[in-house]
Amino acid sequence: MGLFSFTQEIAMDLGTANTIIISNGKIVVDAPSVVALDRRTDKVLAVGEQARQMHGKTHENIRTIRPLRDGVIADFYAAEQMIRGMIKMINSKHRWFSPALRIVVCISSGSTEVEIRAVRDSAEHAGGRDVYMIYEPMAAAIGIGIDVEAPEGNMIVDIGDGTTEIAVISLGGIVSNKSIRIAGDDLTADIMEYMRRQHNVKVGERTAEQIKINVGSALTLLDNPPEDYIVHGPNQMTALPMEVSVSYQEISHCLEMSVSKMEAAILSALEQTPPELYADIMRNGIYLAGGGALLRGLDKRLTDKINIPFHIAEDPLHAVAKGTGVALKNIDKFNFLIR
């Protein structure tokens with residue numbers, strides 16, 4: 001982008017837990033989707049990582065908000081402020097003018113008209129002049145490197161934090177899709193509930209997230225199991241400090257129900273798939289993207305259950321963002337972008 005280019009092009013993966021922004025083909029922002037506001041004036045105090053560090057540790061004058069819930073905007077004002085703050089992170093170099101923005105944002109494939117409108121309005125209010133949108137599974141497929149315009153079927157399962165998006169893609173369009181609101185956040189909530197019920201220890205969202213990362217598993221038997229994870233927290237009854245050792249087998253039992261629901265949704269999407277495309281999917285396998293793809297043993301469990309090979313994308317966390325970046329470069333060529 002030259003010095004006198006007054007249009008800045010950015011691609012944004014607006015996630016429930018993390019927001020990634022790509023500019024000039026590079027990831028320039030990868031920050032938690034959290035904003036901290038002053039309760040009295042609604043002034044923005046922090047955005048991204050700084051706000052996340054405040055999350056759960058604030059006093060009465062500060063509120064930290066995750067503006068997205070289940071993959072859609074739940075707090076319009078906070079979302080707009082967060083997008084604005086993240087765009088500022090890129091433009092901190094030239095404060096004296098703010099370029100016009102052309103933005104491609106990815107959205108859940110199960111979004112209603114109202115939810116799509118909310119994303120568009122937030123992006124426009126944050127300075128976007130041209131706002132385009134792309135469905136998440138389509139972006140994930142492009143990010144994985146699939147030729148989405150080819151006349152063959154590919155199936156993507158994108159497990160984010162708010163939603164699990166399942167779609168069959170062929171000829172540059174989504175043939176059948178299913179979006180369920182069971183994803184990473186639900187797994188974290190399952191762990192919080194399990195620790196409270198089973199070990200009598202209270203853990204917050206961030207600790208539950210750490211348990212999921214360190215010992216999360218979809219199988220009770222893993223080839224190279226992780227070491228047990230030590231959790232510190234207050235006893236529910238006495239409020240005295242406790243130390244609990246958690247194994248991956250325990251966590252796989254506690255996640256069983258949510259993982260089964262994901263399995264059922266994948267089967268249901270396969271049921272709706274036209275037979276010609278089903279044959280392609282059996283041949284190509286099914287691709288897993290999003291943070292949930294990193295859950296230990298998930299690909300093996302799904303492969304055994306569904307009898308179709310599951311492949312984890314090369315960089316599952318950034319597949320959607322990368323695909324959104326490619327869509328940004330091909331705005332004129334791709335006719336599946338939503339204006």
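Q: How do you know that the structure holds zero disulfides?
A: A disulfide here is a pair of cysteine sulfur atoms within 2.5 Å, and the structure holds zero of them. This is a predicted model, where local features need pLDDT of at least 70, side-chain atom pairs count only at pLDDT 80 or more, and totals for chains, interfaces and linings use all residues. Residues are numbered from 1 along each chain as its sequence is written, and side-chain values use heavy atoms, with hydrogens and water left out.

Q: Why is cysteine 106 called buried?
A: Buried means under 20% relative accessible area, exposed over 50%, partly exposed in between (1.4 Å probe, protein chains only). Cysteine 106 sits at 3% relative accessibility, so it counts as buried.

Q: What makes cysteine 254 count as buried?
A: Its relative accessibility is 14%, so cysteine 254 gets the buried label.

Q: Why is H7 called oblique to H9?
A: Helix H7 (residues 248–271) and helix H9 (residues 298–306) have axes that cross at roughly 50° and come within 11 Å. Helices (H or I, at least four residues) and strands (E, at least two) are DSSP runs, numbered from the N terminus. Axes are lines fitted to C-alpha atoms, for helices over the stretch in contact, with angles from 0 to 180 degrees between N-to-C directions. Angles under 35 degrees count as roughly parallel, over 145 as roughly antiparallel, 65 to 115 as roughly perpendicular and the rest as oblique. So H7 is oblique to H9.

Q: Which residues in H7 meet H9?
A: Contact means heavy atoms within 4.5 Å; among those in H7 are Glu256, Val259 and Leu270, while H9 brings residues including Leu298 and Ile306.
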